[in-house]
Structure formats: C-alpha cells, structure tokens
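Biologist: Please take one part of this model and go through it closely. I would like the surroundings of that part described as well.

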Amino acid sequence: MEWSLTHLWLILALVLCLAELTSGVLLLLALGIAAALTALVSFLGAPFEWQLVTMGVMSGILVPVAIRWIRPRFSPKGVAYGTTGTGVEHGKTYQTLLRDFDGATGIKINGDFYRLKFADGNSPDLPEGTVVVFDKFDGTTAIVHLAQPKQEG
C-alpha cells in the first residue's frame, strides 16, 4: 500500500476525533472534521498548498460554529461551564444542602458541591434549605454569609 497525503489527513482526522473523547469541548471534533474535509480535497487532487488553505479555512469556520452554537446545545440548562470561580457567582443566593455520605453542609454551584465557611472562619452546621449569599471561594470552600430574611409588612 502506498501512502499519500490523503491517508495522512485521514489519520489526523481520526486522531483528532478520538482525542475529542477525552476533552468533550468539541474543539478537537471540529478540527477533525476539518481534517477529514481536507482529506477529501487531497483525494480530488489538490496540491499541498491548497490542502493547507482548505484546512485553515475549514478550521476557521468549524471551530467557532462548534464552540458558539453546537456546544451550548449539549450543556444542561442553567449550567455555565467554565465560569465557576470567575466571580460571576458573587452575591447570588443559594440554598444549603447536606452531602449524603458525610452530612457536610454545602451549596451546589454549576452542579458541583462546595463546602461552606463563613468569612470569620467558622464552618457552620446549617439546616438543609438555609438561604446563604455567596461571597468568594477559598480554595474549594465557598465563603458565604446568611441571607437577610425578607421584611414583611
């Protein structure tokens, strides 16, 4: 069997698509599809320079499409992956939860459980459903304060 550039583009496409299985961000899948389309151009007899142009153009089109429009369709509603710890949670209210296996008090932010601590360093044993306001992260611990109860009347 004689190797050609078409085979190399197909191998690159396969490797990128398989690597996507480890990342799940669709970037490598978009690049793998771009490499597969470049293999098609190579099969049709385009010179190597045009194959590189095809790979560049297809990557420039498919990567933004995959990240901006396709990836959000696979994310659960209300979960903004990659934003935890950037400060967007500051001031938001959460209800406390008790972790099943050890009874630790915490909150869930974007689907992840974080233990609670007050700013003065105390780790509270709050009942489940207590409303707290998130301040910041200290490592993997959420620093919170109790929410003020609403004034009625």
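Biologist: What span should the 17 residues of helix H2 (residues 27–43) have, and which residues of H2 are buried?

Modeller: This is a predicted model, in which local features need pLDDT of at least 70 and side-chain atom pairs count only at pLDDT 80 or more, while totals for chains, interfaces and linings use all residues. Residues are numbered from 1 along each chain as its sequence is written, and side-chain values use heavy atoms, with hydrogens and water left out.

The protein has three helices and six strands; helices (H or I, at least four residues) and strands (E, at least two) are DSSP runs, numbered from the N terminus. Their order from the N terminus is α-α-α-β-β-β-β-β-β.

Helix H2 covers residues 27–43. The expected span of a helix is 1.5 Å times one less than its number of residues. For the 17 residues of H2 that gives 24 Å, and the end C-alpha atoms are 24 Å apart, so the two values agree. Just after H2, Gly45 has a positive phi of about 100°.

Buried means under 20% relative accessible area, exposed over 50%, and partly exposed in between (1.4 Å probe, protein chains only). In H2 the buried residues are Ala30, Gly32, Ala34, Ala35, Thr38, Ala39 and Ser42. Their cover includes helix H1 (5–23) and helix H3 (48–70).

On the H3 side, Thr54 is a residue to look at: its place is in helix H3. Thr54 counts as buried because its relative accessibility is 16%. Leaving aside residues up to four places away in sequence, Thr54 touches Thr38 and Val41, where contact means heavy atoms within 4.5 Å. Thr38 is itself among the buried residues of H2. By contrast, the C-alpha atoms of Thr54 and Leu146, 92 residues apart along the chain, are separated by 57 Å.

That distance can be set beside the overall dimensions. The C-alpha trace spans about 80 × 35 × 25 Å along its principal axes. The radius of gyration of the protein is 24 Å, whereas a compact globule of 153 residues would have one near 15 Å; the radius is taken over C-alpha atoms, and the globule rule is 2.2 Å times the number of residues to the power 0.38. Buried residues make up 26% of the 153 residues. Of the contacts with a separation of 6 or more, 50% join residues 24 or more positions apart.
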